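Me: I am new to this one. Please show me how to read it, one feature at a time.

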Amino acid sequence: VNAARDAEHAAGRLRGRIAEVSTQLDRATNDVALGWAFWLRRQLASRRRPRPGRIKGGPLVSVLTAVYETDLHHLQQCLDSVSAQTYENWEHVLVDDGSRAPGVGETLARAARRDPRVRIVRHEHNAGIVAASATALATAGGELVVLLDHDDVVTPRAVELLVTALEVHPDAVLAYSDNALLRADGRVADPFYKPDFSPERLRGHNYVLHCVIARREAIVACGGFRAGFDGAQDHDLLLRLSEHGPVAHVPEVLYHWREAAGSVAADPNAKPYAYDAGVRAVQEHCDRIGLDATVERAALDGVYRVRRRPDPAQLVSIVIPTCGTRAPVWGVERVLVVEAVRSIIERSEHSRVEFVVVADEHTPDDVLDALHRLAGERLRTIGFAGPFNFAAKCNLGAANATGESVLFLNDDTELIEPGSIGEMASLLAQPDVGMVGAKLLYADGTLQHAGHVFPGLATHALLGYPGDHPGPYRMASVARECSGVTAAAAMIAADLFAATGGFDEALPHNFNDVDLSFRLRRSGHRIVWTPYASWYHFESASRDPSTGDAERDLVVSRWHTELEHDPYFNPNLAPHRSDWLERPGRAGAPPYYVDAAGHRRFG
Amino acid sequence: VPERADPDDPAATGTGPGPGTDTGSRAHAEAQQRLAVELQATLDELERRLPDARRAQEHRQHPAALIESARQRLTGAVRRRLGARR
């Protein structure tokens, strides 16, 4: 069996790579397929740059920039990009942190002479980015503060749109935007289209990055920039700000992060000390919000694993609907439910479980006997009569469960990660987490489920990608919020499940998990997917995978708004795709390029 | 076609793998290996197309490339027209 599984995995790796390369090909050919006319229109549009300062009034916005040994050309571009803002009421506070490179002071002084809104402070000795940022904050007079790196470039409407985001969300303490990388040749590439605020993901890595707008009083109230977090000072500040109030997101590329030599944008290993600071920042955040967890570096640089401590005494009820199907897996026929249960008994680190098997009336007796022999007193079998109804079977199982939390599990699964049940149960310990989903792999090791993706009817993020793929912007490497997760392996608190009324039995085959996810989110709960819980899912090996029109119509009529807007997707991404492909025409469109003489040119 | 496992297998519950496990898994492994050859050919073809597609994308995205392309096409057209007149 091992040889057959390995052979299928080898084929799966190729299949996953084909999916990945197909996305890259689509990305590369999309712009070309649109034709030159489209390209020209876009270039002409980018030349019609909005007039600086056209937005009058509004609160004073202080743009804070710590400067140290900056390439003069990059520094000038940074200064110019702030000067070109459509929002008029800004000041640019730059702290020269003891630069010795010739020209830095002169460039800054020249900018200050040209525009009184540019304010320069100089540290005689280099004190580090935290101290420089703190000086800038102390100097700033604005009620709103924008953080900007010394070699980054903001787009002309960046401040205007960030201020608007805080006006639209008056309770928000912070707003962030999408961004792109700025290549050495001046090209803008690799746009990072972010989800709306995802606190679980922010604990896993700093996906917000560093150009944000925040209320000055909130920054001061949470302690400002903290010494000892150099390299991760932005992540530390973002985590503390997020504890103070809601966070808004502008789904538009508003700044370009320069891929300079020695920067993290170009080389994730450029600042190894930053990751140790990041671990401390996330650990202290967990301590402050009362999360009983240990934070450690994950396999990827800049990614952190928040290892919660599961309660070993907590009883988890595993509800498995079945009719005792036999099916081949890796070339050998198995009784699916028996092997699903066996994998948990043999591999799970969390052993305090009960199995509530909801069996159709025609389930063979030998299957039930085998389950009893395997699980003994931990097994409860519940008979189910009537036509197949996944929702009703799950509800019946949950009604007969005695655990504090219920893990709904398809019978065509096999546990991979021994810590899965503990990981899911510990995530559920946070009261605002409504449901937790797991990473599911097909028999060939490719990804079946990494969270639901909308708009449109649900699909699965990165469907068919390699099972160990980190995902775009590392999204598959970290626990993160999703609009929904599949009930093929999903855990929910038993009392919450009862309070929501369970799965809707009017959705007997499909979308019952989508419906439940939306109901949970509507009641203010988060749905979290974690890569640290994983199963094989031999999907639809035990039943007909087709979807019914009636179920589809019901879900669309009930949830059309939610289906159209997925806060954990992004409107710049192509709908009906699960591979994070940009909408055609948006990928890497350069607003300008830099010629050999260092001048900015527009198409 | 999968078959049932050895009934003497202590891991077998009477419902698990039946007799012929080795035969079934060996046949499956061989089928997967044949499939992998086809998949590798598909992947090779896609990866062969990728550099060209990327070049086309870069060409389309970079204004300097557009200008250069337009200049070359214009020059070519002028030369062809002049050549035709001669």
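Me: What covers the buried residues of helix H10 of chain A?

Reply: Helices (H or I, at least four residues) and strands (E, at least two) are DSSP runs, numbered from the N terminus. Buried means under 20% relative accessible area, exposed over 50%, partly exposed in between (1.4 Å probe, protein chains only). Contact means heavy atoms within 4.5 Å. Here the cover of H10(A) includes helix H7 (199-204), helix H9 (233-242), strand E10 (293-297) and strand E11 (304-308) of chain A. The buried residues of H10(A) include A:Ala274, A:Tyr275, A:Val279 and A:His285.

Me: What ground rules apply?

Reply: This is a predicted model: local features need pLDDT of at least 70, side-chain atom pairs count only at pLDDT 80 or more, and totals for chains, interfaces and linings use all residues. Residues are numbered from 1 along each chain as its sequence is written, chains are lettered from A and ligands numbered from 1 in the order in which they are written, and side-chain values use heavy atoms, leaving out hydrogens and water.

Me: How many residues does H10(A) have, and how far does it reach?

Reply: The expected span of a helix is 1.5 Å times one less than its number of residues. H10(A), residues 272-288, has 17 residues and reaches 25 Å from first C-alpha to last, close to the expected 24 Å. Just after H10(A), A:Gly290 takes a positive phi of about 80 degrees.

Me: Why is strand E17 of chain A largely enclosed?

Reply: Five of the five residues of E17(A), 405-409, are buried, so the rest of the structure largely encloses this strand. A:Ser405, A:Leu407 and A:Leu409 lie on one side, A:Val406 and A:Phe408 on the other.

Me: Which strands pair with E17(A)?

Reply: Two strands pair if DSSP finds at least two bridges between them. E12(A), residues 316-322, pairs with E17(A) in the parallel sense over four bridges. There, A:Val406 is the bridge partner of A:Ser317. E24(A), residues 489-493, runs antiparallel to E17(A), with five bridges. A:Phe408 stands opposite A:Ala490 in E24(A).

Me: How many residues has the largest nonpolar core?

Reply: A nonpolar core is a set of buried Ala, Val, Leu, Ile, Met, Phe, Trp, Tyr and Cys residues joined through side-chain atoms within 4.5 Å. The largest has 77 residues; A:Leu64, A:Leu174, A:Ile213 and A:Leu241 have the most contacts inside it. Helix H6(A), residues 158-168, gives the most to this core, with seven residues.

Me: What is the mean pLDDT of chain B?

Reply: pLDDT is the predictor's confidence in each residue, from 0 to 100. For chain B the mean is 71, and 58% of its residues reach 70 or more.
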